[in-house]
Amino acid sequence: MRIFHHQLQARHNPGSFISRGVPKPNPEVPERAQIFLEAVTAAGHDISAPAAHGMAPVKAVHDADYLDFLGNAWSLWSALPDHGPEIIPNIHPGRNMASKPEGIIGLSGYYQTDTACPIGPDTWLAVQGAADSAVSAAAHVIDHGSPAYALCRPPGHHAYHDMAGGFCFLNNSAIAAQYCRERGAGRVAILDVDVHHGNGTQGIFYERSDVFTVSLHGDPNHFYPFFTGYAGETGRGAGDGFNLNLPQSFGTGDDVFLTALDGALDQIAAFNPDILVLALGLDASEADPLAFLAITTDGFKRISECIRRRNWPTVLVQEGGYIAAQLGTNLAAFLAAYET
């Protein structure tokens, strides 16, 4: 399988985030990509640097003011006399706060939804490298018809059109989907199998009928992102009926997940997509440090086979999956099954 990965992605190296009120080391670190690279190299896959696609594919999905914030945030932050080593908000706009501030401290809270997406000196470079990887994979699928995998980090599916969150800054899966639409795909489906709901992806396409968004994830009543991902969220306006959420209970294993997946694939088949974007989270693993579900390595292989049998041209975009002994093995098993 053709694999796209940009070395700039390693330049984003966040230090911490807050979980249950406790500062902890941020799990979305460059070592994740290194584990993935070693796994796909050992499996004999072809790894390519992505082309530089510029900002047009990113601007087709993301708000201009938000992109301006991402591009300039570090220079503004580092000019503060007492700034920390990375940008982490200490206040966020709540239900009764409506104004947009001008200073970097307020803007960080306005554009970063949580503490899990700190911005460092080279974050903007890294996220552009991830976006280029996703667009290059999409271009390969359009041009050749064969599947391609974008080894993206940081991930993207929690990024809205105008907000970062949950380790994510640019929504790589959404960027790939929109690029496919603009290259002639009449209908695109996004299937997200990450353990967390793809809330940013849902938000970007929630009022559209040309992109069908589907997410299988841990029950948001008890799991991030908490405020979205419920079964009753089906789209709005023209998009009504084109968003499907299938929340899974804590500890859900291979068989139950695969039954839900098969039903989701039937609904995608009814939509009849020209291209599938697969938001490939591996954090549904039983061994993941953020574990909520309990998918085994064999389960990832079966998930891959189940999707592959539908025979849609597919762009695979890496989302979550954090450092554990099985991480590289799970990716290798998934990709091998997808090629079979």
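Me: Which residues touch the most other members of the largest nonpolar core?
Reply: This is a predicted model, in which local features need pLDDT of at least 70 and side-chain atom pairs count only at pLDDT 80 or more, while totals for chains, interfaces and linings use all residues. Residues are numbered from 1 along each chain as its sequence is written, and side-chain values use heavy atoms, with hydrogens and water left out. A nonpolar core is a set of buried (under 20% relative accessible area; exposed is over 50%, partly exposed in between; 1.4 Å probe, protein chains only) Ala, Val, Leu, Ile, Met, Phe, Trp, Tyr and Cys residues joined through side-chain atoms within 4.5 Å. The largest has 48 residues, and those touching the most other members are Y66, F69, L70, F169, L170 and V315.

Me: Which helix gives the most to this core?
Reply: Helices are DSSP runs of H or I, at least four residues, numbered from the N terminus. With 10 residues, the top contributor is helix α5 (residues 123–144).

Me: How many disulfides are there?
Reply: A disulfide is a pair of cysteine sulfur atoms within 2.5 Å. C168 does not qualify, because its closest cysteine sulfur, in C117, is 8.4 Å away, too far for a bond. C168 is also buried, at a relative accessible area of 0%. The count of disulfides is zero.

Me: Is S99 buried or exposed?
Reply: S99 sits in the loop between α3 (64–78) and α4 (104–111). Its relative accessible area is 67%, so S99 is exposed.

Methods. Helices (H or I, at least four residues) and strands (E, at least two) are DSSP runs, numbered from the N terminus.
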